[in-house]
Amino acid sequence: MPIERLAVAASRTIILQSHNFQVLRGWIGPCVDSVRRWTEQQGYDYRFLGDEIFDLLPDDLRQKLQDHLPIQADLARLVLLRDALSNGYDRAVWFDADLLVFAPDLLEIDSIPQTNAFGRELWVDTDVGKRLKTWRNIHNAACLFRKGDPVLPFLIHATENILNEVAPDKITPQIVGPKFLTSLDNITRFGRMNSVGALSPLVLHDIASGGGPALDALQGAVLKDKLPTPTAANLCASLHSSDTAGRMDRIVQLLLEKRRLSYSGFPVRTRRPGRRLLISALSDSPPTALCPSLVRLAPATGATSAR
């Protein structure tokens with residue numbers, strides 16, 4: 001499954017994504033389509049893969065991690081990015097399938113000076129005292145590497161070693177994901193995609209409700225850290241159940257319509273002295289259909305075939 005650059009390709013950058021095709025009938029479908037449209041807008045090459053991405057891993061690791069597909073994906077994306085850079089591309093970028101580009105006109109990666117970069121995570125949740133707190137991390141739902149970058153081969157080597165050495169009963173969800181990368185970042189300082197974040201369940205709840213303390217906390221952290229306007233975010237599908245599918249459909253639709261993360265951008269709630277009054281409801285539109293680009297499985301302008 002080599003990622004080979006087409007001789008007729010106009011771009012030396014490729015955007016890569018992967019997921020089981022079945023989930024694209026839900027709210028993840030519009031997320032994938034938002035990335036594909038942005039890729040076309042930028043003139044980059046694009047490729048979408050299904051579960052064949054796991055064929056990149058050694059058989060012994062696949063067997064050991066058979067109940068841990070997200071961890072398999074943490075390693076497989078790195079190998080896929082390496083293969084793309086070894087086959088003609090100067091820059092390879094990974095976006096998770098549940099990452100939504102809601103402000104495509106503002107998202108750009110050409111100004112990133114480093115040879116590697118990860119998404120910036122401002123994670124709003126409650127601490128042990130049930131108080132809102134914002135944790136600052138990096139995440140691998142968005143990662144970028146340029147040809148010759150020394151970090152990528154190191155990460156592949158370190159990730160394989162960790163997964164080979166860890167006992168099966170000691171495997172934790174983020175053992176080679178955001179927690180691992182953030183611990184390294186605290187020492188080595190990787191590059192950043194500062195406008196590509198991650199939205200916690202509390203923030204998503206506030207978006208669906210028209211505002212709230214978690215969304216306020218996120219906006220406050222963006223201002224405090226002097227970060228650019230958020231343009232895309234990982235919606236963290238692994239933290240949602242089928243019971244929340246309808247709400248996630250509406251959140252994705254709302255973000256795509258408003259094209260921003262700001263309190264004034266979600267006018268479903270207004271403040272009155274002493275109370276909040278719900279003045280309108282989010283649309284109950286049906287789930288978005290499967291991405292047409294992935295149904296056709298045909299190459300789009302400026303992009304390689306989605307597979």
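Buried residues make up 51% of the 307 residues in the protein chain. Here buried means under 20% relative accessible area, exposed means over 50%, and partly exposed lies in between (1.4 Å probe, protein chains only).

This is a predicted model, in which local features need pLDDT of at least 70, side-chain atom pairs count only at pLDDT 80 or more, and totals for chains, interfaces and linings use all residues. Residues are numbered from 1 along each chain as its sequence is written, and side-chain values use heavy atoms, with hydrogens and water left out.

## Overall picture

The protein chain holds nine helices and 11 strands. Helices (H or I, at least four residues) and strands (E, at least two) are DSSP runs, numbered from the N terminus. Contact means heavy atoms within 4.5 Å. Take the contacts in the protein chain between residues at least 6 apart in sequence: 76% of them join residues at least 24 apart.

How confident is the predictor? pLDDT is its confidence in each residue, from 0 to 100. The mean pLDDT of the protein chain is 83, and 81% of its residues reach 70 or more. Over residues 263–307 the pLDDT is below 50, yet this stretch has 101 contacts in the model beyond near neighbours in sequence. Where pLDDT is low, the predicted coordinates should not be read in detail.

## Helix pairs

Two packed helices are described by the angle between their axes and the distance between the axes. Axes are lines fitted to C-alpha atoms, for helices over the stretch in contact, and angles run from 0 to 180 degrees between N-to-C directions.

| Helix pair | Angle between axes | Distance between axes |
|---|---|---|
| α3 (residues 69–86) and α4 | roughly 150 degrees | within 10 Å |
| α4 (residues 151–165) and α5 (residues 178–188) | roughly 125 degrees | within 13 Å |
| α6 and α8 (residues 245–258) | about 75 degrees | 10 Å |

Angles under 35 degrees count as roughly parallel, over 145 as roughly antiparallel, 65 to 115 as roughly perpendicular, and the rest as oblique.

Start with α3 and α4. Their axes cross at roughly 150 degrees. That makes α3 roughly antiparallel to α4. The crossing of α3 past α4 is left-handed. A crossing is left-handed if the near helix is turned anticlockwise from the far one by less than a right angle, and right-handed if clockwise. On the α3 side, the contact is made by Ile-71, Leu-75, Leu-78, Val-79, Leu-81, Arg-82 and Leu-85. On the α4 side, the residues are Leu-152, Leu-155, Ile-156, Thr-159, Glu-160 and Leu-163. By class, this contact of α3 with α4 has 10 nonpolar, one polar and two charged residues. Ala, Val, Leu, Ile, Met, Phe, Trp, Tyr, Cys and Pro count as nonpolar, Asp, Glu, Lys and Arg as charged, and the others, Gly among them, as polar.

Next come α4 and α5. These two helices are oblique to each other. α4 passes α5 in a right-handed crossing. Phe-154, Leu-155, Ala-158, Thr-159 and Ile-162 of α4 meet Phe-180, Leu-181 and Leu-184 of α5. The contact of α4 with α5 divides into seven nonpolar, one polar and no charged residues.

The last pair is α6 and α8, which pack at an angle of about 75 degrees. α6 is therefore roughly perpendicular to α8. Leu-204, His-205, Ile-207 and Ala-208 in α6 touch Arg-247, Met-248, Ile-251, Leu-254 and Leu-255 in α8. This contact of α6 with α8 has seven nonpolar, one polar and one charged residues.

Which residues of helix α6 are buried? In α6 (residues 201–209), they are Val-203, Leu-204, Asp-206, Ile-207 and Ser-209. Gly-210 follows α6 and has a positive phi, near 90 degrees.

## Single residues

Most residues other than glycine have a negative phi, and most peptide bonds are trans. Lys-130 is not a glycine, but its phi is positive, about 65 degrees. Lys-130 lies in the loop between β5 (116–126) and β6 (132–146). Lys-130 is exposed, at 69% relative accessibility. Arg-189 also has a positive phi, near 65 degrees. Arg-189 sits in the loop between α5 and β7 (192–193), and is exposed, with a relative accessible area of 57%.

Is Ser-34 buried or exposed? Ser-34 is buried, at 2% relative accessibility. Ser-34 lies in helix α1 (residues 28–42). Leaving aside neighbours within four places in sequence, Ser-34 is in contact with Leu-99, Leu-100, Val-101 and Leu-256. Ser-34 and Leu-99 are 65 residues apart along the chain, and their C-alpha atoms are separated by 8.6 Å.

Note on methods:
pLDDT = per-residue confidence, 0-100.
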